[in-house]
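Trainee: Please show me how to read the features of a structure, one at a time.
Mentor: Then let us look at one together.

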Amino acid sequence: QVRLVESGGDLVQPGGSLRLACAASGLNFRLYTMNWYRQAPEKEREHVASIMASGSTTYVDSVKGRFTISRDNVYNRVYLQMNNLKPEDTAVYYCQVSHANGDFWGKGTRVIVPS
């Protein structure tokens, strides 16, 4: 079965950096667009970044220039490098993939950027 496991969440001071990782298994990883979503307290889950099989990327406007999504198709991992973190980045971050058998989500990893 498809399994996604996030790691790397932490408490980071404003302006700091953090790298999230998602380990994927149970799918032909290199064929799929991989996504990062986040959900802040009391807010809707939002899309943060995507990376296609080709390597093309997209980002929500609020993180452009600060976050970078990347993938490693040898080790089936997707990363989110987060720089210049702000309090509004505080959220649980989720790895996601739309697969032929449905949408799959990791359990999330928590990022806290205090004011």
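**Reading a predicted model**

Mentor: Cys22 is buried, at a relative accessible area of 1%. Here buried means under 20% relative accessible area, exposed means over 50%, and partly exposed lies in between, with a 1.4 Å probe and protein chains only. This is a predicted model, in which local features need pLDDT of at least 70 and side-chain atom pairs count only at pLDDT 80 or more, while totals for chains, interfaces and linings use all residues. Residues are numbered from 1 along each chain as its sequence is written, and side-chain values use heavy atoms, with hydrogens and water left out.

Trainee: Which residue does Cys22 join in a disulfide?
Mentor: A disulfide is a pair of cysteine sulfur atoms within 2.5 Å. By this rule there is one disulfide. Cys22 is joined to Cys95, with 2.2 Å from S to S. The two cysteines come from distant parts of the chain, Cys22 in strand β2 and Cys95 in strand β8, 73 residues apart. The link is left-handed, with -80° about the S-S bond.

Trainee: Is Cys95 buried or exposed?
Mentor: Cys95 is buried, with a relative accessible area of 0%.

Trainee: How do I read the strands?
Mentor: Strands of a sheet pair through backbone hydrogen bonds, either parallel or antiparallel. Strands (E, at least two residues) and helices (H or I, at least four) are DSSP runs, numbered from the N terminus. Two strands pair if DSSP finds at least two bridges between them. In this model, four strands form an open sheet in the order β1-β2-β7-β6, with antiparallel pairing. Its edge strands, β1 (3–7) and β6 (67–72), each pair on one side only.

Trainee: How many bridges join β2 to β7?
Mentor: Six bridges join β2 (residues 18–25) to β7 (residues 77–82), and the two run antiparallel.

Trainee: Which strands pair with β3?
Mentor: β3 (residues 34–39) pairs with β4 (residues 46–51) over five bridges, in the antiparallel sense. Six bridges also join β3 to β8 (residues 91–99), again antiparallel. β3 and β4 form a hairpin with six residues between them, and Glu42 in the turn has a positive phi of about 65°. Follow Tyr37 to see both pairings: its bridge partner in β4 is His47, and its bridge partner in β8 is Tyr94.

Trainee: How do I describe two aromatic rings?
Mentor: A pair of aromatic rings is described by the distance of the centres and the angle of the planes. Rings of Phe, Tyr and Trp (its six-membered ring) pair if their centres lie within 6.5 Å; planes under 30 degrees apart count as stacked, over 60 as edge-to-face and the rest as tilted. The whole structure holds two aromatic pairs. One of them is Tyr94 with Trp105, edge-to-face at 6.4 Å centre to centre and 85° between the planes. Tyr94 lies in β8 and Trp105 in strand β9 (residues 102–105), eleven residues apart. Tyr94 is buried at 13% relative accessibility, whereas Trp105 is partly exposed at 35%. Tyr37, Tyr94 and Trp105 form one aromatic cluster.

Trainee: Where does the charged end of Arg19 sit?
Mentor: A charge sits over a ring if NZ of Lys or CZ of Arg is within 6 Å of the ring centre and within 35 degrees of the ring normal. The charged end of Arg19 sits over the ring of Tyr79, 3.9 Å from its centre. Arg71 lies over the face of Phe29, at 4.6 Å from the ring centre.
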